Amino acid sequence: MWGVSKSNGHVNPKPPSESISILSRWMGIGDANTAGNVHGGVILHMCDEVAGLAAVRHSRRRVVTAGMDRMTFRHPVLVGELVTVKATVNAAWRSSMEVGVRVESENVRTGEVTHTSAAYLTMVALDDEGRPTEVPSVKPETADEMRRAREAQLRRDNRLAERERIQAERANG
Ligand SMILES: CC(C)(COP(=O)(O)OP(=O)(O)OC[C@H]1O[C@@H](n2cnc3c(N)ncnc32)[C@H](O)[C@@H]1OP(=O)(O)O)[C@@H](O)C(=O)NCCC(=O)NCCS
């Protein structure tokens, strides 16, 4: 059966709560873009870092970023704000995991918190030889976790369908 093994797969599923990872950083002048707001790349870097942490916690393996599906910036982040990124593994397949990241910025003087961005990254676990290797499946426990797992599967299906269509298009010249 696909994805099943004695060491992990469906035999040893893990709830998303076991992978929750959080990083915070206070934004300074060095994080600014030419407009004076925080550079999007700074936020992307934090998302990649926290997604990697969540994926390692889920798989207990070395991981690499295979791709990022979507990154939305709903509001600008300002210099002087505290940025917190929170990541959870939403779903896992054979060697890849979708990690959802929520970005919040806090005005530390007023305490106002804004949900500024969301991102979905695919991380792949590697064995000691650097080859993709099996990871535990995800066992969603709450209604939100089940919804996130369903939506992660949709994004993966779309990604694979797009890849197949592009390959077919190229093969047809
Ligand atoms: C990600 C990587 C390990 C995949 O290797 P590969 O030879 O394509 O391996 P496979 O075809 O067996 O794919 C392994 C898994 O990666 C997934 N994958 C591969 N490319 C992907 C992409 N662009 N987006 C999302 N998932 C991807 C596959 O769906 C598969 O998932 P599954 O095992 O859960 O079904 C390889 O492309 C790589 O090392 N890329 C560079 C990663 C890196 O350095 N990142 C940091 C950038 S600075």
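These legends describe close-up views of a predicted model.

**View 1. The shell of residues around the ligand.** The ligand is surrounded by 13 residues. Thr-65, Arg-94, Ser-95, Ser-96 and Arg-156 are the closest. By type, the shell holds five nonpolar, four polar and four charged residues. Strand 3 (62–73), strand 6 (113–126) and helix 2 (143–171) each contribute at least two residues to the shell.

**View 2. Polar contacts between protein and ligand.** A nitrogen atom of the ligand lies 3.0 Å from a backbone N or O atom of Thr-65. At Arg-94, a backbone N or O atom is 3.0 Å from an oxygen atom of the ligand. Arg-156 takes part through its side chain, where an N or O atom lies 3.0 Å from an oxygen atom of the ligand. On its own the ligand has 930 Å² of accessible area, and the protein covers 49% of this.

**View 3. Length of helix 1.** Helix 1 comprises 20 residues, 40–59. At 1.5 Å a residue the helix should span 28 Å, and its end C-alpha atoms are 28 Å apart, so the two values agree. Just after helix 1, Arg-60 has a positive phi of about 55°.

**View 4. Buried residues of helix 1.** The buried residues of helix 1 include Val-42, Ile-43, Met-46, Cys-47, Val-50 and Ala-51. Further along the helix, Gly-52, Ala-54, Ala-55, His-58 and Ser-59 are also buried. Residues three or four places apart in an α-helix point the same way, because there are 3.6 residues a turn.

How values were computed:
Residues are numbered from 1 along each chain as its sequence is written. This is a predicted model: local features need pLDDT of at least 70, side-chain atom pairs count only at pLDDT 80 or more; totals for chains, interfaces and linings use all residues. Side-chain values use heavy atoms; hydrogens and water are left out. A residue is near a molecule or strand if one of its heavy atoms lies within 4 Å of it. A polar contact is a pair of N or O atoms within 3.5 Å; within protein, one must be able to donate a hydrogen and the other to accept it, and residues adjacent in sequence count only if both atoms are side-chain atoms. Accessible areas come from the Shrake-Rupley method with a 1.4 Å probe; for residues, only the protein chains shown count as cover. Helices (H or I, at least four residues) and strands (E, at least two) are DSSP runs, numbered from the N terminus. Ala, Val, Leu, Ile, Met, Phe, Trp, Tyr, Cys and Pro count as nonpolar, Asp, Glu, Lys and Arg as charged, and the others, Gly among them, as polar. The expected span of a helix is 1.5 Å times one less than its number of residues. Buried means under 20% relative accessible area, exposed over 50%, partly exposed in between (1.4 Å probe, protein chains only).
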